[in-house]
Amino acid sequence: MKSKSAARRWAWGSASLLALLAAAPAAISAPAEPVLTFAIAGGALESVLTAYAAQAHVQLLYTPDVVRGRRSEGLSGAFTAKAALARLLDRAGITAQQSRPGVIVLRIGLIANSEQTLQAEVAQAAPTMLDEVVVTGSHIRGVGPGPAPVVSLDRDEIDRQGRATVADTLSNLPQNFSGSANPAVLTTGVDVTSQNAGRATAVNLRGLGADATLVLVNGRRMAGTGGKGDFADVSAIPTAAVQRVDVLLDGASALYGSDAVGGVVNIILRRDFDGAETRARFGAAQGGAAETQFAQTFGKAWSTGRALISYEYYQRNALAFADRSYTQSADLRSLGGTDRRTNISSPGNIVLVDPVTNAATPTWGIPAGVSPLLPSSFIRGVVNLQEPRAGQDLLPDQDRHSLYASFGQELGDRIEASGDVRYSRRTFSYASLSPSASITVADNNPYFVSPNGARSNQIYYSFNGDLGPSIASGSSESLGVSAGLDAKLWGDWKGEAYLAFARELVRSATDHNLNSLFLREAVGATADNSATPFKTSVDGFFNPYGSGQANSRAVLDFIGSGYSRQRYESQVASFNAQADGKVVTLPGGDLRLAVGVHGRRETFDQVTSNFQASVAPTLTTRPTSERNIVAGFAEARIPLVGPNNARPGIQALEVSLAARVEHYDDAGTTTNPKVGVMWSPATGLRLRATYGTSFRAPTLTEVYAAPAISNVQYLKGAARVLSLTLTGGNLDLKPETAKSWTAGFDYEPQAVPGLKLSATVFDTNFTNQIDRPVSQNANAALTEPAFAPFVRLLNPANPADLAYVQSLLNDPAYTTPGLYPANAFGAVVDTRYVNTSTLHVRGLDLSAAYRFDLGDNRFDLGISGSYLFDYQQQLTPTSSTLQRVGIASYPVDLRARAALNWTRDTLGATFTLNYVDDYRAETGRKIDSWTTADLQVRWTPTGKRLEGLTLAASVQNLFDTDPPFYDSPNYIGFDPTNADPLGRVASLQLTKRW
């Protein structure tokens, strides 16, 4: 038998489209029962029964074939447990019989002649046990939906969307913003803050940040991934192992602690399965990104326990920038934009440097194919331009293996032991940025030619033709292990204790890169180095005046031998113990309480190897960063009015209270309360509201990251200014804090059966955010007044400035000693972490669902959307507050989905429209709205040989609609934060249960 997580069903977003299956009356043998309040959304029968068991405080025993492929319409209102179950099983051909108080056995067909016979048959067939469970958004078992909005996606809904991965499904939620921590925004250069070293995919609810959305797997924390270990990688989760996904759209630190600012995503993996399931999927997009997916699951359940193991393989090919018309060239004039090709090119451009500001302006383009090259060959003001994305990949090649196993076993009548382990390894590879440099060449180089008579010149040069794009590759390993005990205590009190461990290990590398020290030697800027095998007298000089074919293999192999390696490991070890149960019976129902304690240890390790500015690789091992966290929490559900004391205008009234105190040994103590109210003035109508505070503790890297000083060129008008950039942690960081409230309603009018309406207003004020303000808009680093506290402009003729720069160049944290003199720099930019930003997000979520039948045809129509009123950002305490909603690279004001699902006998189809509202660029130029259509057609045949088979053909972006044009400063013609470059994706999936 198994204790199974309850589905907290809220007809919301895509989940509101789930079909509600009805069938004929079931015979139920049970004594008279008290009237209870039920709120159970329709969907797969197994999920509906899970919710029923939780709200009726009973256990259900059945064989897997009883619920397989069946659905129920759910119900809402006041019923006895007997009447509620009868409605849920209406016309399903399923009978129910009480085997002992609180335990009901379900089976197909007529009731057995004797209870003993029925139980024997069920035990022999390996039953499933549904016990009282905890819904996402509460620590209390056996309660109905709470006041906070929750979107639930079950297996059927995930399959109907036709997407290969959990990450793709979550990215499609209207409440998610894809502006950070995913492969597309990384390769296009839009994401400058997440340090997504593992090319992972995160969830970013409300656009509050990938690090402000807490992701749980079976209620346990995942470790953070990437170069900061600050967000969860949902691409590590195998689709075949998922039972459902709950998305809590409200701040929840009072329940779950740090990071639950934008909300909580709880991915519940399968625990009960009897038999075997095989899944195979093949998909492709035009030009690339072909997908292959295979999964195999085995499960076994018996009268006192269960076991399951599932394996999944997923592979997707790379997609090149050249494969899309809006990314193949940075010259966007043909699309209505501007020419954004770069002047760091091949042939290169000779620049003039302002002696006061050190701003460098390309002035003479090196003419191509001219021999011999003479000073008269140059034309002042004519510069070369180059495609900055030539030969690069827009999406990486990815290959993932995943394994998941779980077990549960009753140890007597009062204790159940359970555990699970989840492991995945994903590799990636793609063509990345081409090496480039600002090369100083002098008259000792035999190829030197000066257009202005100077003895040395500075050249902006791209090595794309010489070395080609660099190659980025690596792997990401995700591990989660959990073991625990569930126990029946006294009365109806139950306890749970578990130990959990999670780890994310990322290895990344960049090869075919430039070694700047070797380049200086090869160009003649420094004398031949005896520590290197290269000799200009033997191997020749590097010629920076060519078009990519002017240098020998020996020279190119020498300067192109640079590489970098990174290894990031994040670990979370935790202990949790809690208990919940009834405290007292009030006139409105049972006052229920949950209390618990939590302990957690977080560590982060970083090792880097760099061979880009030194004679030999430089290995850097950072000391392990670690912290300990302890917490205590409590939650109460207080029913003031219920079925036994309802009155006109108050059918039900409940108050929920929660609080959590957490102490970090490096960031202090924080206390976060939450209060919620639910009021049902009439049958079918539920009003709800919440208020609470949340927080995000600074990550270990934000606190302890080692200081570093590096060379960066920032724009200043049309010129570029070589600058020193300071990075590193901040021991004085404080937790980020937020205040959130929601208010909404759920309405199921009795006069219109099958109709469900929901709305939620939300407001989150996120303050004291940890940020690096200049990194948010590096192109304006030297010109934006708000960044003045973080920027020091330099005068090369000022002795004080030179002394300051020289002190930085002498600092051991400087990454490329000897590369530039002190008078080469025009600015020092501080990008270290500080508590500085504020973000205020306010909006409205809406959903509507309607189920109806026309003869033998069943239809489910659903619409869901999220509208943002405000996305107001203040980067620094002294800067102005900017309204960012509807601006490119920020959330749009409206995202919506509408779907029509049809089923008839063995056939089914789903047609979906996805809508992104129009918005504008920073310049004010309009970016059109974007509407795409998805279609899936399904066949679930019957018959002995085909029993358990489902064949689904899906097409995302059915009409291959390109994203709306955006004249992006990132050299592309679309906005990857609000659009998908895949285009039409066709797939075929086969699922077979054995």
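Predicted model: local features only at pLDDT ≥ 70, side-chain atom pairs only at ≥ 80, totals over all residues.
**Exercise 1. Work out whether Tyr-568 is buried or exposed.**

Step 1: take the cut-offs, where buried means under 20% relative accessible area, exposed over 50%, and partly exposed in between (1.4 Å probe, protein chains only).
Step 2: Tyr-568 has 11% relative accessibility, so Tyr-568 counts as buried.

Residues are numbered from 1 along each chain as its sequence is written, and side-chain values use heavy atoms, leaving out hydrogens and water.

**Exercise 2. Classify the ring pair of Tyr-461 and Phe-542.**

Step 1: rings of Phe, Tyr and Trp (its six-membered ring) pair if their centres lie within 6.5 Å; planes under 30 degrees apart count as stacked, over 60 as edge-to-face and the rest as tilted.
Step 2: searching the whole structure gives 17 aromatic pairs.
Step 3: for Tyr-461 and Phe-542 the ring centres are 5.7 Å apart and the planes stand at 85°, so this pair is edge-to-face.
Step 4: Tyr-461 and Phe-542 are both buried.

**Exercise 3. Do the like for Tyr-568 and Phe-604.**

Step 1: their ring centres lie 6.3 Å apart with planes at 25°, so the pair is stacked.
Step 2: Phe-604 has a relative accessible area of 4%, so Phe-604 is buried.

**Exercise 4. Find which ring Arg-220 lies over.**

Step 1: the test asks for NZ of Lys or CZ of Arg within 6 Å of the ring centre and within 35 degrees of the ring normal.
Step 2: Arg-220 lies over the face of Tyr-498, 3.6 Å from the ring centre.
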